[in-house]
Amino acid sequence: MITEPLDLAVVGAGPCGISVGIAARQLGLRCLLFDKGAVTQAMIEHPTYTTYFSGPEKLELGGVPFTTAGDKPSRREALRYYRKVVGFFGISVRQYEEVVEVHGHHPDFLVRTRTLHGESRQYRARNVVIATGYYHTPRRLEVPGGELPKVQHYFKEPFFYFDQDLVVVGGGNSATDAALTCWREGARVTLVHLLDDLDKGVKPWVRPDIDHRIAEGSIPALWRHRVAEVRPRQVVVEELGTGVLRTLDNDWVLAMTGYVPDTPFLTALGVQVDPHTGIPTHDPGTM
Ligand SMILES: Cc1cc2nc3c(=O)[nH]c(=O)nc-3n(C[C@H](O)[C@H](O)[C@H](O)COP(=O)(O)OP(=O)(O)OC[C@H]3O[C@@H](n4cnc5c(N)ncnc54)[C@H](O)[C@@H]3O)c2cc1C
């Protein structure tokens with residue numbers, strides 16, 4: 001138990017948490033960051049060969065220049081950069097220490113944590129920042145069989161799917177990257193998407209590639225379809241509007257259906273969250 005209160009406890013050591021840590025450091029505040037994993041744990045879990053769509057100048061923190069070999073940062077370059085930044089500013093991070101509860105009110109919060117080894121700790125803090133991102137709470141397929149282990153919400157490596165029948169669900173960057181990378185490594189990929197086209201935000205340099213693969217039939221796309229059922233060796237898809245069902249041979253489902261903020265964590269702290277938008281109550285003047 002730390003008896004002297006922190007000025008600031010920051011939950012999450014992703015880019016946003018680190019950014020808060022830099023500002024606190026520059027103001028001379030007693031600040032501690034907590035992460036249930038390593039620094040930038042969520043980005044570590046991004047696909048191994050990710051190239052971010054933001055240029056390096058958009059990802060810079062604290063004015064520390066981020067130079068990259070190409071126009072866009074690779075995941076590896078970004079992970080290395082954020083570690084340099086944490087070291088450069090001397091930000092204190094308790095890695096592998098999950099915040100399990102926060103009680104109290106400004107200026108007297110009690111922050112309870114649990115370490116990787118199961119040890120419970122608690123800290124007093126005048127202020128708490130929640131910077132937990134959303135990557136750890138996937139939007140699950142709420143269909144029969146959606147809980148089977150072959151249904152995965154995280155794409156890491158394409159090599160698992162060689163010579164396998166793979167359904168990729170979704171039409172955004174994660175889905176297109178997964179579909180293309182797995183197809184290149186020998187998976188038989190079918191893309192299933194609710195809409196009749198890919199999302200507008202698909203990276204512009206990826207768009208011609210995926211468009212060509214779909215047009216030539218290398219990656220068949222089932223537009224206006226949803227996964228209706230997952231079976232051990234098959235997937236049943238339904239065409240929206242007509243209700244026509246099709247059964248596909250299937251080994252794996254990569255459900256690239258997005259992630260949602262951990263609202264139960266926020267509401268347990270007493271923060272009100274709009275049930276429709278997921279936006280927490282906040283001061284628009286300072287947000
Ligand atoms: C493949 C992919 C590519 C992306 N490309 C871009 C891009 O090009 N540009 C862009 O702006 N965004 C991109 N994003 C989104 C990007 O991940 C976020 O913008 C960024 O990571 C958000 O930072 P954050 O600090 O808010 O959250 P995160 O990076 O998610 O960090 C949250 C941290 O909180 C920790 N945490 C969570 N709960 C607790 C707890 N209870 N106790 C302690 N620690 C906890 C987690 O371990 C994690 O380290 C991409 C996302 C994906 C999946």
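A backbone N or O atom of Phe53 lies 2.9 Å from an oxygen atom of the ligand; such a polar contact is a pair of N or O atoms within 3.5 Å. The model is predicted, with local features needing pLDDT of at least 70 and side-chain atom pairs pLDDT 80 or more, while totals for chains, interfaces and linings use all residues. Residues are numbered from 1 along each chain as its sequence is written, and side-chain values use heavy atoms, without hydrogens and water.

For Cys16, a backbone N or O atom is 2.9 Å from a ligand oxygen atom, and for Val99 a backbone N or O atom is 3.0 Å from a ligand nitrogen atom. On its own the ligand has 970 Å² of accessible area, of which the protein covers 83%; accessible areas come from the Shrake-Rupley method with a 1.4 Å probe.

The shell around the ligand holds 25 residues, and Cys16, Asp35, Phe53, Ser54 and Val99 come nearest. A residue counts as near if one of its heavy atoms lies within 4 Å. By type, the shell has 13 nonpolar, 8 polar and 4 charged residues; Cys, Phe and Val are among the nonpolar types, and Asp is among the charged ones.

Which elements each supply at least two residues of the shell? They are helix H1 (15-26), helix H2 (41-44) and strand E4 (97-105). Strand E4 gives the largest share, 3 residues. Helices (H or I, at least four residues) and strands (E, at least two) are DSSP runs, numbered from the N terminus.

Leu194, Leu195 and Leu240 make a nonpolar patch of about 260 Å². Leu195 sits in the loop between strand E9 (188-192) and helix H6 (207-215). Patch residues have over 30% relative accessible area and no salt bridge, and nonpolar side chains are joined within 5 Å; a salt bridge is a side-chain nitrogen of Lys or Arg within 4 Å of a carboxyl oxygen of Asp or Glu.

Definitions and conventions: Patch = residues over 30% accessible without salt bridge, like charges linked within 9 Å, V, L, I, M, F, W, Y side chains within 5 Å. Polar contact = N/O pair within 3.5 Å; in protein donor to acceptor, adjacent residues only side chain to side chain.
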